Amino acid sequence: EPAAEGVAERLDMSASWHYQYRTSSTLRELYHYSSCARSYGKPYMPTLSGEYCHGYCVPRCWDAKNKRSRPGVQSDDEVAIKAWLAIAAVPAHALSIFMLDAWTTGREEGWAAPDTGDRFGREWHARIQPAATLLRDLPNERAPLAYVLPSECDFTIGMGWNETHYRDHLADAMAEYGLPFDCICNRELEAGKLREYKAALFIMGRAIYADHAKRLDEADRAGVRIHSDRYCWRDFKNGVRHTDLYYDHYKQDRIFADFRAWYAKLADELREHLTAKSDGDGADAYTFTKKYDGVTYVTVVNNKRSEEPGYLNNLITNAWYRPYAAANTITTHIKLPANSHVYEFNANCSDCSIVRLSNGRVTRQYAPMEGKVFCAYPTELAKLRMDVKDGFVRIALVDEDGKPAPGRQVVDIEVRDPDGNLHDETGRYVMERGRLKVPLRFADDDPKGSFFSRWKVSAKELTTGFTETTSFIK
């Protein structure tokens, strides 16, 4: 669970745990911890929790059976929404969820709904897992804003634990506005990555390493607008120094109100540089963009919460506590070349998957805790081809000229023997750049089949909804 990039250097994969209630807090952690893995080119695995960590945000629930208090159980809705954030906001290689035994105990003790866990399982299999397969490890679009976090600032500022509170509370406030931002730590700062951003927030810079100061100056000269706080050791030519931004426990409400006022304007300005944004981002929706091999993947997450009472908010009665999701209508604005063709991933049919943008907008109805992925291709996808030859199932997704599709796709394959029994190769597969090759591994006693009783293979490509079937004799 490395929260510092130096630890990630020595690992095969970096992971982080997330117990938070607020989606903005979870998003802030994802941005920060994934940057530790990204700086060393290591895979990253977010780990979500079925419980809130005590003291993070909500009171504990009473476990009558064991006569002790327990951290509050998270609703299916919360874990599902956070799973969407984990696969869409950052390049996630894997996704882990722990402490789901809280759902079992909660059902037994009456402080979780009877169907808790079942709803999440249905959502996972129907929507989240297919999208996670599509988006796995794909890089996110460069955010317009960098949150600069040199490691020495944690020590030279001399605030102890208050340094963590100050840094994280600011990032929480930033995440509330729904503008994606990248955390830039030592390694990426030293590599000159800061010059690639439109703006940056640099805090607690009372004393920093000379090389880090040099990189900040280079970014300033390159036109990056650097916003700094009271602690910064110097002003930047193209930057803004906010002398009213600092840490004071007794004045934090006023300080953060001032911060939100000017950050909201900055976020609105920088949002214009995004490929995609949705009405209500940061409140009732979140929008994230990934780009890979000429294809743009836009994920929209429904974060709208229900005002209706339920098991959890009958127990935890804070006015702000909204653990259950609600249906929503979301309009998403997407900037694409004029000849782009957009598909809604994992729609019910090939006709349903086609997205007609109206002045660059798409409006969709979203079920509670639902996310949607819109895939934009440079050409129209025309057909799914499939054959069986030399012991392999070969599948190709092609455009009107017969050229394989760029980017990544996901295909569900079903293989049945002549008696109608599913064979081991049945499953979900990743297709890269429009091509997929699946080996068929037969047992000695598998039936050969005949002209009138053949093996059958069916495939469904989830971006377009195209289907294809074929048959063969072993």
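Biologist: What volume does the second largest pocket have?

Modeller: The second largest pocket has a volume of about 340 Å³, a volume being the space filled by probe spheres set on grid points that are joined across faces, edges and corners. This is a predicted model, in which local features need pLDDT of at least 70 and side-chain atom pairs count only at pLDDT 80 or more, while totals for chains, interfaces and linings use all residues. Residues are numbered from 1 along each chain as its sequence is written, and side-chain values use heavy atoms, with hydrogens and water left out.

Biologist: What makes up the lining of the second largest pocket, and which residues lie nearest its centre?

Modeller: The second largest pocket is lined by 21 residues, and those nearest its centre are Asn 140, Glu 141, Arg 142, Ala 143 and Asp 182. Helix H2, strand E7 (181-184) and strand E12 (285-292) each supply at least two residues of this lining. The lining divides into 13 nonpolar, 4 polar and 4 charged residues, where Ala, Val, Leu, Ile, Met, Phe, Trp, Tyr, Cys and Pro count as nonpolar, Asp, Glu, Lys and Arg as charged, and the others, Gly among them, as polar.

Biologist: Why is one space called a pocket and another a cavity?

Modeller: On a 1 Å grid over the protein atoms alone, a cavity is a set of points where a 1.4 Å probe fits but cannot get out, whereas a pocket is an open set with protein on both sides within 12 Å along at least five of seven lines, and lining residues have an atom within 4 Å of a point. The structure holds 1 cavity of 30 Å³ or more, and about 30 Å³ of space lies in the largest cavity.

Biologist: Which residues line the largest cavity?

Modeller: Its lining consists of Arg 28, His 32, Tyr 147, Leu 149, Arg 167, Asp 168, Ala 171 and Cys 183. The elements giving two or more residues to that lining are H2 and H7, and H7 gives the most, with 3 residues. By class, the lining of the largest cavity holds 4 nonpolar, 1 polar and 3 charged residues.

Biologist: At what angle do H2 and H7 pack, and how far apart are their axes?

Modeller: Helix H2 (residues 23-38) and helix H7 (residues 161-175) pack at an angle of about 110°, with their axes 8 Å apart. That angle makes H2 roughly perpendicular to H7, as 65 to 115 degrees counts as roughly perpendicular, under 35 as roughly parallel, over 145 as roughly antiparallel and the rest as oblique. The contact joins Ser 24, Ser 25, Leu 27, Arg 28 and His 32 of H2 to Arg 167, Asp 168, Ala 171, Asp 172 and Ala 175 of H7, contact meaning heavy atoms within 4.5 Å.

Biologist: Why are H7 and H10 described as oblique to each other?

Modeller: The axes of H7 and helix H10 (residues 252-271) come within 11 Å and cross at roughly 40°, so this pair is oblique. Here His 169, Leu 170, Ala 173 and Met 174 in H7 meet Gln 252, Phe 256, Phe 259, Arg 260 and Tyr 263 in H10. The residues of this contact divide into 6 nonpolar, 2 polar and 1 charged.

Biologist: How do you know what to call the arrangement of H3 and H5?

Modeller: The axes of helix H3 (residues 76-88) and helix H5 (residues 118-135) come within 10 Å and cross at roughly 5°, and therefore H3 and H5 are roughly parallel to each other. Their contact divides into 11 nonpolar, no polar and 6 charged residues.

Definitions and conventions:
Axes fitted to C-alpha atoms, helices over the stretch in contact; angles between N-to-C directions. Helix = DSSP H or I, 4+ residues; strand = E, 2+ residues; numbered from the N terminus.
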